[in-house]
Amino acid sequence: MSLAPVASAPMCTAPASARVPDSPAQLLTSPLQPAHSPAALVGDTPTLWVGEPFTASGRGFWAKLEGSNPGGIKDRTALYMVARARERGELLPGARIVESTSGTLGLGLALAGVTFGHPVTVVTDPGMEPLMTGLLTAYGADIELVRTPHPVGGWQQARRRRVEELLAVHPDAWCPDQYHNPDNVAAYRPLAHELVAQLGRIDTLVASVGTGGHSAGIASVLRGFFPDLRVVGVDTTGSTIFGQPAAPRLMRGLGSSIHPRNVAYGLFDEVHWVAAPEAVWAARSLARARYATGGWSVGAVALVARWLAAVRPAEERIVAVFPDGPQRYIGTVYDDAYCREHRLLGHRPADHPQEIAHPGDHTVTRWTRCTTVVDPLAATGSAGSGAAPAAGATR
């Protein structure tokens with residue numbers, strides 16, 4: 001199956017072969033079946049062509065709109081991790097789920113808690129948006145707030161330390177450990193299959209990297225269908241995932257101050273680091289140009305996909321995964337006062353990223369590309385038994 005990229009919006013007319021409804025009532029019904037569980041609302045998300053004016057004339061990419069899930073892309077992994085833990089007897093009926101999150105996984109776990117009957121405790125930090133806190137509370141999750149960052153691992157490590165404390169207090173509780181849980185990777189196989197069914201052929205995948213779950217899960221499946229698939233990871237400046245030194249990070253949802261073992265370094269052909277002002281520019285520009293947009297991760301991914309669409313062959317089919325929608329970012333990415341306070345406005349990115357030969361060459365502070373991808377723990381000999389294999393990590 002092969003589909004040509006769509007360069008313009010299709011005409012809003014029904015095909016000549018459209019079936020005439022047997023009953024007028026059918027005009028009011030959706031082809032989707034009624035759902036008996038909120039979990040049934042997850043998946044089968046749409047794919048949208050993103051072209052000009054966001055991209056150059058005649059160029060563009062496909063965006064997988066995971067914001068169409070009830071809470072975002074991590075609904076998939078939350079439901080999957082919880083279901084598998086219940087099957088293995090690791091999560092007992094009615095036991096508490098405790099996890100560290102910057103937001104999106106919290107929504108997914110709240111959904112899983114409602115679906116399977118588990119109380120949920122979300123451990124977060126002051127950077128979580130008030131809207132997200134309100135939503136999690138509305139869905140019945142308890143929120144634990146850490147108030148002091150870890151001196152080395154930052155807010156992320158501080159949250160994980162608090163999770164350990166809560167697990168000690170609640171011995172029957174269970175933590176998904178999204179950073180190192182292989183179920184976090186396996187959960188995204190259906191998303192990869194959806195892409196194949198929707199597009200037929202995929203040449204390049206662009207995905208943000210935080211826990212490493214969706215990039216590894218999608219890319220590993222797609223490589224089985226398309227051995228020459230180019231996989232492009234998108235990180236944030238100040239993140240340690242791909243070998244840069246840790247630094248304060250404003251963006252949430254991508255990047256890390258620790259080294260998640262779900263990151264499949266051997267799958268990546270290149271990595272891009274994007275700074276917060278650049279992601280804001282892309283997210284806002286995308287909203288005005290194509291209406292479908294999101295937050296930090298979507299802005300960063302869209303910026304990289306836009307560039308790839310301009311420099312790769314015109315016939316190449318590029319897919320970018322948009323992890324969520326814009327709603328939770330109304331007070332940050334789309335708030336002028338917030339953006340002025342953090343000096344995020346008026347920074348149109350360069351037409352091309354700066355290039356470095358190796359992640360350790362120097363500390364990056366703006367959009368930067370590197371085609372040498374290494375596991376920083378394997379490179380220093382610090383990877384433990386749970387480390388991803390280093391073979392093939394440099395592509």
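Tutor: A pocket here is an open set of grid points with protein on both sides within 12 Å along at least five of seven lines. Please keep in mind that the model is predicted.

Student: Which helix gives the most to the lining of the largest pocket?

Tutor: Look for a helix that also packs on a sheet, touching β3, β4 and β5. This helix spans residues 154-169. With 4 residues, the top contributor to the lining of the largest pocket is α4.

Student: And the second largest pocket: which element supplies the largest share of its lining?

Tutor: This pocket holds about 360 Å³ of space, and its lining of 21 residues has Pro 70, Gly 71, Gly 72, Leu 107 and Tyr 139 nearest the centre. Two helices, α2 and α3 (130-138), each bring at least two residues to the lining. The largest share, 5 residues, belongs to α2.

Student: Which residues are the closest to the centre of the largest cavity?

Tutor: The lining divides into 5 nonpolar, 11 polar and 4 charged residues. Helix α7 (residues 213-225) gives the most to this lining, with 3 residues. Of the 20 lining residues, the closest to the centre are Ile 73, Lys 74, His 214, Gly 253 and Pro 323.

Student: Let's turn to the sheets. In the open sheet of 3 strands, what is the order?

Tutor: Begin at the edges, where β3 (97-100) and β5 (142-145) each have a single partner strand, so one side of each is left without a neighbour in the sheet. From one strand to the next, the twist averages 20°. The pairing is parallel, and the order is β3-β4-β5.

Student: How many bridges join β3 to β4?

Tutor: We can find the pairing by looking at Ile 97, which stands opposite Val 120 in β4. Strand β4 covers residues 120-124 and runs parallel to β3. The number of bridges joining them is 4.

Student: Helix α2 packs on the sheet too; what angle does its direction make with that of β4?

Tutor: Helix α2 covers residues 104-116 and touches β3 and β4. Its direction and that of β4 make an angle of about 175°.

Student: There is also an open sheet of 8 strands. What is its order?

Tutor: Its edge strands are β1 (47-50) and β10 (354-355), each pairing on one side only. The pairing in this sheet is mixed; for instance, β8 (residues 270-274) and β11 (residues 368-370) run antiparallel, joined by 3 bridges. The order is β1-β2-β9-β6-β7-β8-β11-β10.

Student: Is strand β9 largely enclosed or open, and why?

Tutor: Ile 318, Ala 320 and Phe 322 point one way from β9, while Val 319 and Val 321 point the other way. Buried means under 20% relative accessible area. In β9 (residues 318-322), 5 of the 5 residues are buried, so the rest of the structure leaves the strand largely enclosed.

Student: Finally, which helix lies across β1, β2 and β9?

Tutor: The helix in question covers residues 189-199 and runs at about 135° to β2. Its name is α6.

Note on methods. Residues are numbered from 1 along each chain as its sequence is written. This is a predicted model: local features need pLDDT of at least 70, side-chain atom pairs count only at pLDDT 80 or more; totals for chains, interfaces and linings use all residues. Side-chain values use heavy atoms; hydrogens and water are left out. On a 1 Å grid over the protein atoms alone, a cavity is a set of points where a 1.4 Å probe fits but cannot get out, and a pocket is an open set with protein on both sides within 12 Å along at least five of seven lines; lining residues have an atom within 4 Å of a point. Ala, Val, Leu, Ile, Met, Phe, Trp, Tyr, Cys and Pro count as nonpolar, Asp, Glu, Lys and Arg as charged, and the others, Gly among them, as polar. Two strands pair if DSSP finds at least two bridges between them. Axes are lines fitted to C-alpha atoms, for helices over the stretch in contact, and angles run from 0 to 180 degrees between N-to-C directions. Contact means heavy atoms within 4.5 Å. Buried means under 20% relative accessible area, exposed over 50%, partly exposed in between (1.4 Å probe, protein chains only). Grid points are joined across faces, edges and corners, and a volume is the space filled by probe spheres set on the points.
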